[in-house]
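Keep the structure open while reading.

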Amino acid sequence: MTMKRRTMMKAAAIAAVAAPSIARGQGAAIRIGEINSYTAQPAFLAPYRNGWNLAIEEANAAGGVNGRRLETVFRDDAGKPEDAVRFAGELLAAEKVDLLSGGFLSNVGLAIADFANQNKRLYVASEPLSDALVWGRGNRYTFRLRPSTYMQAAMLAEEAAKVDARRWAIVSPNYEYGQSAAKWFKELLVRAKPGVEFVAEQFPALGRIDAGATVQAIEQSRPDAIFNVTFGGDLTNFVRQGNTRGLFEKRFVASMLTGEPEYMDPLRDECPEGWVVTGYPWDQIQTANHRRFRDTYQKRFNDYPRLGSVVGYDTVVSIVAMLRKSGGTDTEKMVDAMKGLPFESAFGEGPVLYRAIDHQSTLGAYVGKTALKGGKGTMVGWRYADGARYLPSDDVVRTLRPQG
Amino acid sequence: MEFLAIQFLNGLASASSLFLVASGLTIIFGVTRVVNFAHGSLYMLGAYIALTIVSQLPRDPWLYWSGILVASVVVGLVGVAIEMLLLRRIYQAPELFQLLATFGVVLVVEDVALWIWGPEDRLGPRAPGLRGAVEILGQRFPQYELLLIAIGPVVLLLLWLLFTRTRWGTLVRAATQDREMVAALGVDQRWLFTSVFFLGAFLAGLGGALQVARAPTTLHMDLDIIAEVFVVTVVGGMGSVPGAFLAALLISQMHAFGIMVFPKITLVLTFLVMAVVLVVRPYGLLGRPPTHPRAAGLARAQPIGPAPRELRLVGLLALAAAAILPPLAGEYALIMATEMAILVLFAASLHFMMGPGGLASFGHAAYFGVGAYAGALLMKHFGAPMELGLAVAPVAAGLAGVVVGFFVVRLEGVYLAMLTLAFAQIAWSAAFQWVEVTGGDNGILGVWPSAWARDRTVYYLFVLALCAGGTLALRHAIHSPFGYALRAARDNPLRAEAIGLDVARIRWVAFALASAFAGIAGALFAYAKGSVFPTYLAIPRSVDALLMVLLGGVETLSGPIIGALAFHGLQEQLVRVVEHWRAAMGLAIIVLVLAFPQGIAGHVRDRWERAR
């Protein structure tokens, strides 16, 4: 179950030895600078890096791009935006990378995006969820792969509007991601279903939830339904206390990201049943592309893919598609190639594209219900929610994003 | 009404968890005066080891609880190893120096835990026999939480018996009050310290092990709890076990009820409580003023004379080399050099307080951050250029220093340091939570220098001029009459008062001055990065500053300069080259600590003076 560090290191070592022999094309390698919070967020980013490496290997085995190999220079920002900015400078100046990528935390993503804008270099943000990245602080040089906070909140608000619940409680980590998720969910749900009430809001500090007290405070407000934004250790903590105290009984729960293996698997047999979540049912998606991805990944790393693996893989796949289209590594040409660029995601649910209007990709997420099977959590009754359907209209986007 | 009662029980359960960890820390500090940063790591190890043990066992209560105890004992032995192999060698070093060593341990343990247990959060099995809930006042309440509520007072009682009814306990209490006297009476201190470390680490391990049935075991556990535990220890009064219990109770109950009224107060509540308690009671709830306020470490501080000619020459050469660097070095070297120059000034400003002032601060990043935010906010809201931002930054940071200093300078030692931390955390949470003004954790972007300074070389030279100038100005202040008065106030406040020096006032001015210089460093950093984030005034940055000063040597004037260059350079190299850079960095710190107990610059000075 657990990702063994040694397996990963072995894999990395093999990759390092094997790489030079494959596809020695003419021309210098195309270098990608990748910055992420590897030591701060290892649970998500170790699988991410595997997915990334897999896609790079596949691209190089296929002869690289225009005869040039792909190389990655990884940097660990340890969760500090100011360090990410330093590495961005180092990657461009000393490592001579052609473009930047990565970013897990929103503020790290925003810092790199602003740096990229200032230096007129391309930044393909893989992970950061903040809406500001493509809207409020969007810029010409920044593109983002993952469905944003807004999109995932919209997917859940759509489901929440279908159930007969008037009194809602919200529990959400106390930082930008949690606050925007709560804000969008409220706004969209009220719009879809006037008359809903929000009777309690709890904002525990990230990573330091006092779960017993939080559960009790929500219970006290007697909600019909709960919208949860906590994840990781806070979620596990919250769920265990909530289960024991019966908080979730006869209550509808909508929950951000909980269906992602990264967050669902640590819950083990405590995974709550019947929550509506966004996530990634890796074992059940049977599209041709996903089957191939899953099989290769499992064979290669002796472990199953997490959502991070897909994100890492798709980021590289989209960069490769962009490089094929642009024909070179001139930044302005790469930026133009990114606009409206279609690519095939490992999900295999049809082409995904980076919208020209706001540089957000239309990659979606899976929405379904949680269930317990064989002592662990899984998703049932899920569907693929295409990201393109969960974005505001173009007119609205123009008001959200600085134009020009 | 029922609800309030249940919420009170929730507060009690959290209080017990917190108390177990904090009691270990307070016992260790009381006797050895070591500020044990690795206490959170011991807590995390307790959880992981217990998880590994109980997951293998059949679901039987006896086996389960034996497993928990075994895990705690193992952690106790880890504590003994840390004490015997590392800390024992550096008890004679300057005050707080051991903090540097324990920080190295934190880094090593983080990577070791990742290596052994993998990156994913782990959820342990529930405790056999205590899986469910009982009905209390119509609400379901977990049985396990009831057990926790009981464990806190039981451990308190056992510790009380241990300290009052055994000879060992008597010795520990005596050593807490006056360890020189205990040594003079022929008690083997080494044995006493080691056994105290075992008990403290055992309690931390037990605290962690008891969390296994309750919460997931994660790689963040160590740092998530350490600040809170320090707060509990200090609020209770360092060295006082009943104080720790009372403080844990106070903070947990404030928390359980606080979130009902202000759900967003979670970030800062703990530190608000600490600030209030320390302002009202400078030694915590049940703490007592130390009998010897100045520990042995500083007694050996030598008078400061003018720098020897050779050192001046070296400094001049270094500065000249830094000035002619641009054409020779690549672009990245310039980025690094810019950062290093800024950090030198930042470290020097902390050293000004810590060394000559004797006022250690755990929250120096606050002034760095205030300076950075002053420039960034002016730019964001009023479109102010860099020049204005840089002029306002030291004023804003200095004013913050004046306000905080007013409360802080009356305190001593670790209490003073923790009060600065409390204010820093309050400033941090304002930057983090006041989204409309500060942009919250997404920060403020687009804080770039004015057009003339945008070129990397120009900005570097500009930074170098300001930072070298600032550092030299601080150095000059140390040699001025004010500097003499400051050191007099540090070395003997009573005598200083007697000759007519206003000790509190002198410290206050020093605090504000150091804050102003940190503000300049912060603003320069902001313009170098182009953005400002709450991380600028978060705990890790304060810790970095502290580590730089300690690593360089708190008793020399060149210490902070050497320390900033060594620390930042080392970290930057390791992060780029080594995958397990935290473990490498931790080991490097431990080696440096053992090799240079007076800090790098202090060691060089000692060698040089001996050679003459």
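Apart from residues within four places in sequence, Gly559(B) is in contact with His351(B), Val549(B), Gly552(B), Gly553(B), Val554(B), Gly599(B), Ala601(B) and Gly602(B). These contacts, like everything below, are read from a predicted model.

**Gly559 of chain B**

- Gly559(B) belongs to helix α25 of chain B, which covers residues 559-577.
- Gly559(B) has 28 C-beta neighbours inside 10 Å, and therefore counts as buried; the cut-off for a buried residue is 20 or more.
- One of its contacts is Gly599(B). In sequence Gly559(B) and Gly599(B) are 40 residues apart, while their C-alpha atoms are 7.2 Å apart in space.

**Helices α1 and α9 of chain B**

- The axes of α1(B) and α9(B), the latter spanning residues 221-236, come within 9 Å and cross at roughly 65°.
- The crossing of α1(B) with α9(B) is right-handed.
- On the α1(B) side, the residues that meet α9(B) are Leu18(B), Val21(B), Ala22(B), Leu25(B), Thr26(B) and Phe29(B).
- On the α9(B) side, they are Ile225(B), Glu228(B), Val229(B), Val232(B), Thr233(B) and Gly236(B).
- By class, the residues of this contact are eight nonpolar, three polar and one charged.

**Chain B against chain A**

- Between the two chains, 54 residues of chain B are in contact with 56 residues of chain A.
- Several elements of chain B each supply at least two residues to the side that touches chain A, among them α4 (97-117), α10 (241-261), α15 (331-354) and the strands β2 (139-142), β3 (444-447) and β4 (530-532).
- Helix α1(B) gives the most to this side, with seven residues.
- The side of chain B that touches chain A holds 24 nonpolar, 18 polar and 12 charged residues.

**Domains of chain B**

- Chain B is divided into domain 1, residues 19-222, and domain 2, residues 308-538.
- The centres of domain 1 and domain 2 of chain B, taken over C-alpha atoms, are separated by 37 Å.

**The five-stranded sheet of chain A**

- Strands of a sheet pair through backbone hydrogen bonds, in a parallel or an antiparallel way.
- In chain A, five strands form an open sheet with parallel pairing, in the order β2-β1-β3-β4-β5.
- Its edge strands are β2 (70-76) and β5 (142-144) of chain A, and each pairs on one side only.
- Neighbouring strands of this sheet are turned by 25° against each other on average, direction ignored.
- Strand β1 (30-36) of chain A runs parallel to β2(A) and is joined to it by seven bridges. Glu34(A) stands opposite Phe74(A) in β2(A).
- Helix α2 (42-61) of chain A lies across β1 and β2 of chain A, at about 165° to β2(A).
- Helix α4 (106-119) of chain A lies across β1, β3, β4 and β5 of chain A, at about 160° to β4(A).

**The seven-stranded sheet of chain A**

- Another open sheet in chain A has seven strands in the order β7-β6-β8-β9-β10-β13-β14, with mixed pairing.
- At its edges, β7 (197-202) and β14 (376-385) of chain A each have a single partner strand, so one side of each has no neighbour in the sheet.
- Strands β8 (225-228) and β9 (252-259) of chain A pair in the parallel sense over four bridges. Asn228(A) has Ser255(A) in β9(A) as its bridge partner.

Notes: Residues numbered from 1 in each chain as written. Chains lettered and ligands numbered in written order. Predicted model: local features only at pLDDT ≥ 70, side-chain atom pairs only at ≥ 80, totals over all residues. Pairing = 2+ DSSP bridges. Axes fitted to C-alpha atoms, helices over the stretch in contact; angles between N-to-C directions. Contact = placed C-beta atoms within 7 Å. Domains from an automatic or database assignment. Nonpolar A, V, L, I, M, F, W, Y, C, P; charged D, E, K, R; others polar. Left-handed = near helix turned anticlockwise from the far one by under 90°. Buried ≥ 20, exposed ≤ 12 C-beta atoms within 10 Å, placed from the backbone.
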